[in-house]
Amino acid sequence: MSEVVAVFAPGSLLAIGEYAVLDGGRALVVAVDSGIECQVAPCEHGRRLTATDLGLDAPPEALSRTPGAGLLVEAVHAGEKAFPGLAPPHVTVQGRGWGAGKKIGLGGSAASVVAILGAFATAAGQDVTTPAVRRLLLRTAFAVHRAHQNGRGSGADVAASIYGGWIDYHLLDSVPHVRAARVPPGLRLAVAWSGLACSTTASIDRYQRWEAEHAAGGAEPFALSLHRMLDRFWAASHDGDRRTFLIALSEYGLLLEKLAHRIAPEEAEHMEQLTHAAARSGVASKSSGAVGGDCVIALGTDGALLDEARRAWRHLDATVVDVAPDSGGLRPVRLAAGS
């Protein structure tokens, strides 16, 4: 490596499949144009990691116990192992797009891992847009990010950052499988941040504890309801049935609301207000990702109705998120002169 290289990894939003994806369900996830850029450059004075948004700038080994730095350090180590032989690198990570540097539920941690590994691959002369390199990066980034989530994360956000666009994603024997999803023509997305940050790992822990107690009482596992609705959603996708596609998405959101009242009751009412406000505008709406916070999404094909949903969110003092689907996935970035 004799020059600076840079890549961009888009963030992501989960459209449907929360919790069901953890035990084999097919999730729909979309890459968005707010994400992470990573630069790798030769470093004369040894290895260095800079994360502008987090205020980090030190050798990776000095940051391993610094709050917020652990995942980035693990990704750097994984990049050096996967692409050996490079000169000691200076790795610089920075958010790009709406909400850069903030935790607002756009898959930033997964995009950071993907961007770091993608920058190492690019520095090693690999083309990160090719299928073979993307498969390697998916395996590596999935392992790094899932280990950081104590083995509980789905990896759907990792896949979206690598491949871009609308992704049909599932796990089979803990191995990620990715293909392009079929969505209604002209499908549009609106997003609002609830103002409530939510930990994916903590939410999964609460869900699994509650599900075990729920099943122990003789009730049907809640996961079966999620899987049935998910099956209906994907059947509509296969048939090109736009109406049922959107109805099933909203009804999956209603199931998540029931779950939220069990595992995140303090946040559930606020999230419910936001989803129902958008639904009254005539679009499909639900929370996205871990129950209890982060983002609410609305989907439809009528831009005027989505604008009405955004106005409803603003009326409730939610922050409308200015993002759009990103079809490019992980890709090199042309640096400005002097970078």
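**Notebook: salt bridges, cores and a helix pair**

I searched the whole structure, a predicted model, and found twelve salt bridges.

**Entry 1: Arg-96 and Glu-37.** I looked up the salt bridge between Arg-96 and Glu-37, where the closest N and O atoms are 3.3 Å apart. The two residues come from distant parts of the chain: Arg-96 sits in strand β5 (residues 89-96) and Glu-37 in strand β2 (residues 27-42), 59 residues apart. I then checked how accessible each partner is. Arg-96 has 34% relative accessibility, so I noted it as partly exposed. Glu-37 has 12%, which is under the 20% limit, so I noted Glu-37 as buried.

**Entry 2: Arg-152 and Asp-205.** Here I found a salt bridge with an N to O distance of 2.7 Å. Arg-152 belongs to the loop between α4 (131-148) and α5 (156-163), and Asp-205 to helix α6, so this pair ties together parts 53 residues apart in sequence. I recorded Arg-152 as partly exposed, because its relative accessibility is 28%. Asp-205 is also partly exposed, at 21%.

**Entry 3: Arg-228 and Glu-220.** The side chains of these two residues meet in a salt bridge, 2.7 Å from N to O. I read a relative accessible area of 47% for Arg-228, which counts as partly exposed. For Glu-220 I read 41%, again partly exposed. I also noted a network in which Arg-26, Asp-168 and Arg-179 are joined by salt bridges that share partners.

**Entry 4: nonpolar cores.** The largest nonpolar core holds 53 residues, and Cys-38, Leu-49, Val-91, Ile-116, Leu-137 and Tyr-169 have the most contacts inside it. Helix α3 (residues 108-123) supplies the largest share of this core, with eleven residues. I listed the contacts of Leu-49, leaving out neighbours within four places in sequence; among them are Leu-56, Pro-60, Leu-72, Val-76, Val-91 and Val-93. Asp-57 is also in contact with Leu-49.

**Entry 5: helices α6 and α8.** How do α6 and α8 lie relative to each other? Helix α6 (residues 200-216) packs against helix α8 (residues 242-263) at an angle of about 90°, and their axes are 10 Å apart. The two helices are therefore roughly perpendicular. On the α6 side I found Ser-203, Arg-206, Tyr-207 and Trp-210 making the contact, and on the α8 side Leu-259, Arg-262 and Ile-263. I sorted these residues into four nonpolar, one polar and two charged.

How values were computed:
Residues numbered from 1 in each chain as written. Predicted model: local features only at pLDDT ≥ 70, side-chain atom pairs only at ≥ 80, totals over all residues. Heavy atoms only, no water. Core = buried A, V, L, I, M, F, W, Y, C linked by side-chain atoms within 4.5 Å. Buried < 20%, exposed > 50% of the residue type's maximum accessible area, 1.4 Å probe, protein only. Helix = DSSP H or I, 4+ residues; strand = E, 2+ residues; numbered from the N terminus. Contact = heavy atoms within 4.5 Å. Axes fitted to C-alpha atoms, helices over the stretch in contact; angles between N-to-C directions. Parallel < 35°, antiparallel > 145°, perpendicular 65-115°, else oblique. Nonpolar A, V, L, I, M, F, W, Y, C, P; charged D, E, K, R; others polar. Salt bridge = Lys/Arg side-chain N within 4 Å of Asp/Glu carboxyl O.
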